[in-house]
Amino acid sequence: MAVVWAVSTLTLLVLAGLLPDFQLQSADGDSFTRTALTAAWAAGAFGLLGALVWPLIVRALLLVPALVLGLLGFFLNGSLLLVALWLIPDGRGAANPETAVVVAAVMSAVASATSTALAVRDDDAYRRRLYRLTGRTRPRDPVDTSVPGTVFLQLDGVGHHVLRGAVADGLMPTVAGWLDAGHRLTPWRTDWSSQTGASQLGILHGSNEDVPAFRWYEKDTGRIMVSNRPASAVELQRRAVLRTGDAGLLTLDGASRGNLFSGGADQLALVLSVAARRGPRNRSRVGYFTYFSDPANAVRTAGSLVAECVREVVQSTRARLRRETPRVSRGGTYPFVRAFATVVERDVVVSAVMGDMLAGRTAVYADLVAYDEVAHHSGPHGRDTDQVLGRLDRSIALIARVAEHAPRPYRIVLLSDHGQSPGETFESAYGLTLKELVRAGCGLPVPRRVRRRYRGQARTESGGGSEARDAARDALRSALHRPVDERGETAGELPPSEPVVLASGNLGLVSFPDVPHRMTREEIDRRHPALLRALAHHPGVGFVLVASAEHGSVVLGRDGAEVPVADLADDGPLAVFGPGAARAVRRTDRFPHVADIMVNSMYDPATGRVHAFEEQIGSHGGLGGEQSRAFLLSPPDLSPPVGPGEELVGAEQVHRVLRRWLRESSGPQVPLGPLETSPSTDAPESLLPVDGPVAPDKKH
């Protein structure tokens, strides 16, 4: 404390000499000794205010969005410095507000760096500093130091191929060192719905039954379920708990950090499924308090947040100037969304995990979403995502280092929930969205730009092309002869009951809300004769799943291929999607809330490309390419995930593997708790018709 105080005093003296608007002397001037005493007084007052007042300010601002809270850190810290200067006797300290913000930021950074440097050579001092930074005063009592704890770190969206490439390119030296030390790298294949909602629900709660996509429409409730909305997450977790009769993976002294679901953990921070609950203990933002209660943390994160926003602007500008393709819009609020995912969420979650280890918790599951967020807009391969992977590796290294100071040994398991597949968006490739294609197939009006594009094709193409492409064009043209007014509505008609079209990466879902049951192919053909042909024969569509009164359900592929789901195998229309595709489709077909029409985009195995039905050039949510290949990296002292020659398939099987590992060291999990089975009281989030855009995935 004495050294930090002295260094802070010296820092104030230097800043007073450099900044004309920052004064530590009276108007008539003071001796150096008097000025030094004034600086020492200001440094001491600033330090005490930071230790005593700052945590109270942060707690009062818990309801402020985290992004705003991080930016407020600069200005609140500057306010504390102004108060410290006001407390100096004889009024010798003065600074304008802008200068106070700069001085306070430098002071906090210097104090933090000095404290770390003094502690780094002393294990006891370093351990005490870690406890302080993570809000821990001591380990919990008692902690069985003979039983190892387990930390599961989910690298959101990092596929098996991406991880191997990052290790080979030297981007992740910590992971490379673990592999050299004998860690097992096991790929696992996701379900058809290759996205965080389905995968994490299966991993943490043992069941992702009836989760057909990231977002879907439920006819029985009239609700659109969206995996990253709090009320939907609550309901999905409730259903999984009722289905399995078990509270989740983390019921035994567990902690859930930065996840969509709690996993049955008692310790929660940034968990979406508790965000809708009332009461201070269940606020989703309560996890921010421990981290931001240290002013140095707040200033460092705020500075990194600003730097990340600038980095995104520079990278997106460079992509535009170089005319890189594919490319999507990265303006508006996206730089702040990216900065939150790559800086604020990362810092808070990593700090929480460190605190959990220092507290000696038995099981911790944390999600780091940085790569997934950047890959959606920059693509899964490239300079932007390489930088994110390098920073993720440094976070892993920090957690591993803190584990050395924990009261019990820890085994760190890395895993991912899915990968990402690159590719141009469906709209960019074909000039219309999936919703517009469905509307055209239903004979509903479409925007003028679509009419002009496809009428132009009709004039320039001589009709040569395949019969499938001709059928797709004919279905589109059937809607183009309907007169429309400037708003796009059919002239002289009231808008009919429209289908609900939702996108989850390269998986599209079409539902007809006025029909209470799942429509069959025969019913759809009677109502909209051109729709299924327009979808199945479109070059941007890989296959379509629809129920059938005659065959149960059928998969429709290009060139007229039709295969009953009961006879489906990993060949025919699904051959290009690789092993396991038929099993994934058959499983989803049994879900009660599967859409009337499930549409999976095309996949090119030569390039690995898919076409997302939303604005993403790195996508996941359906079948095709790297998005379906996640990974599991485990220490050698854990039993192998699967036997020789076996494959790890589905999030539910991953749950069984993780539960087995916990049981090997800690015994059985605690039984189901009554609070976990209480029904959701949240009102439906959106009833049809739905006009506004649906929230993007992440955490996606």
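Buried means under 20% relative accessible area, exposed over 50%, and partly exposed in between, with a 1.4 Å probe and protein chains only. V14 has 43% relative accessibility, so V14 counts as partly exposed. This is a predicted model, in which local features need pLDDT of at least 70, side-chain atom pairs count only at pLDDT 80 or more, and totals for chains, interfaces and linings use all residues. Residues are numbered from 1 along each chain as its sequence is written, and side-chain values use heavy atoms, without hydrogens and water.

V14 belongs to helix 1, residues 2–18 (helices are DSSP runs of H or I with at least four residues, strands runs of E with at least two, numbered from the N terminus). Together with L10 and L18, V14 forms a nonpolar surface patch with about 310 Å² of accessible area.

Strand 5 (residues 215–218) pairs with strand 6 in the antiparallel sense over four bridges; pairing requires at least two DSSP bridges between two strands. E218 is opposite R223. Four residues separate the strands of this hairpin, and G222 in the turn has a positive phi of about 70°.

From strand 6 (residues 223–226), R223 and M225 point one way, I224 and V226 the other, and all are buried.

An open sheet of six strands runs in the order 12-13-17-14-15-16 with antiparallel pairing. Strand 12 (500–504) and strand 16 (562–564) are the edge strands, each pairing on one side only.

Strand 15 (residues 552–557) and strand 16 pair in the antiparallel sense over three bridges, with L556 opposite E562.

How values were computed. Patch = residues over 30% accessible without salt bridge, like charges linked within 9 Å, V, L, I, M, F, W, Y side chains within 5 Å. Areas by Shrake-Rupley, 256 points an atom, 1.4 Å probe, with all protein chains shown as cover. Salt bridge = Lys/Arg side-chain N within 4 Å of Asp/Glu carboxyl O.
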